[in-house]
Amino acid sequence: MFRVVVGHSDDPDSQNAITEVIQECSRSLADSLPQAGILFTAIDFDHALILQRIQDAFPGIELIGGTTNGEISSILEFQQDSLTLMLFASDEVEIHSGIGRGASKNPALAAQEAIAQAKAKSASVPQLCLTFPDSLTSNGVLILEALKQSLGEHIPIIGGMTADDYTFDKTYQFFQGEVLSDSVPVLLFSGKLLFSHGVASGWTPISQRSRTTKVDGNVVYEIDGQRALDFYQHYLGEERFASNYAIHALAVFEDQDHFYLRAPNGYDKQSGSVTFFSDIPEQAVVQITDATRDNILSASETSLKNAIADYPGVEPTAALLISCAARRRILGTLARVEYQLVKTHLAEALLCCGFYAYGEIAPIVCGGQTQFHNKTFVTLLIGTK
């Protein structure tokens, strides 16, 4: 048995919202007891109250989650200022949580601690890891690299960085009954789980392939030996770059055919450098990209179709959807269409839950290395035989 249930409320009152969500989940669970869950909420709720209510309703639940830039579910579709809870009940799949604290001081150690804690609860080998780390206090790329080292690089990691509705002030992570910042929560799945994932962005390369030749973390100084700013302006022109540089992400190639995105968030005329939201390796093969709203929207469908094509079972039980806050910002009022497009390809009974993140985590292709993404839509399908 592998049962997944979802609750979702857009009531602005924390007490009312969590009461509604727990009632919804309890009805769907019937007599089953959930062993684990994922909670996504807007930044303005009373998170401590919400977590306490969940612990009271489902004692000992292995719960993780975090704050968002928008919430998604099969119940209320896309929402802002809401909370959604996905619960797992199973006698075939083991699910265990772990937490790493103080990610800003030592992101590698925080990630290692989270994995070690979750692993210590089970003798089974993990198949899948979910994680929703702090996005503002630490480096998502370093956290991911440490998670991969602790798990083994062949175990897929799916997740997204917690968000705070574009205030860039403070995000919160949830671990069982605790509201945290600067932390790395994880959920490890093992047992008879079947899963697949899909990744797509809608951004298309428009420049020639080049190589980063001088990089310091997330600041690129030179591409092909010339100033990064000059490289961008060569393809886009000075005015087009200055007015709309954020849309022109850099495709960073994992291999000949597959890339992940890095979103620019500033530049310096004096040094000629371009700053990105996440780290870029030196000597990486890169291309400037462009996107239209139509392509961004259709990428959510592509992400789901890729996951469906790779799903190893007959029919999945549930889907976890993670989109990027930058996508939501570019799409504006069309953001709700992302889920509506996904929904057209899903069985009516399939339950979905998800959120808008400050950076997404997933392998680009099935069996590939887990990467850190910007501006990307990630679909995870889960079920059992």
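Author: Cys129 is buried, its relative accessible area being 0%; buried here means under 20% relative accessible area, with a 1.4 Å probe and protein chains only. The model is predicted, so local features need pLDDT of at least 70 and side-chain atom pairs count only at pLDDT 80 or more, while totals for chains, interfaces and linings use all residues. Residues are numbered from 1 along each chain as its sequence is written, and side-chain values use heavy atoms, with hydrogens and water left out.

The sulfur of Cys129 is too far from any other cysteine sulfur for a bond, because the closest, in Cys366, lies 17 Å away. The structure holds zero disulfides, a disulfide being a pair of cysteine sulfur atoms within 2.5 Å. Cys25 is likewise in no disulfide, and the nearest cysteine sulfur, that of Cys353, is 9.0 Å away. Cys25 also counts as buried, at 0% relative accessibility.

Cys129 stands opposite Leu188 in β12. Strand β8 (residues 128-131) and strand β12 (residues 183-191) run antiparallel and are joined by four bridges. Strands are DSSP runs of E with at least two residues, and helices are runs of H or I with at least four, numbered from the N terminus; two strands pair if DSSP finds at least two bridges between them.

Both strands belong to an open sheet of six, in the order β7-β12-β8-β9-β25-β26, with mixed pairing. At its edges stand β7 (93-101) and β26 (370-373), each with a single partner strand, so one side of each lacks a neighbour in the sheet. From one strand to the next, the twist averages 20°.

Helix α3 (residues 107-119) packs on this sheet and touches β7, β8 and β12, its direction making about 150° with that of β7. Helix α4 (residues 140-151) lies across β8, β9 (157-160), β12, β25 (360-363) and β26, at about 165° to β26. Contact means heavy atoms within 4.5 Å; axes are lines fitted to C-alpha atoms, for helices over the stretch in contact, and angles run from 0 to 180 degrees between N-to-C directions.

The largest nonpolar core has 33 residues, and Leu128, Leu130 and Phe189 are among those with the most contacts inside it. Such a core is a set of buried Ala, Val, Leu, Ile, Met, Phe, Trp, Tyr and Cys residues joined through side-chain atoms within 4.5 Å. Leaving aside neighbours within four places in sequence, Leu130 is in contact with residues including Ile38, Ile158, Leu187 and Phe189.

Key:
Buried means under 20% relative accessible area, exposed over 50%, partly exposed in between (1.4 Å probe, protein chains only).
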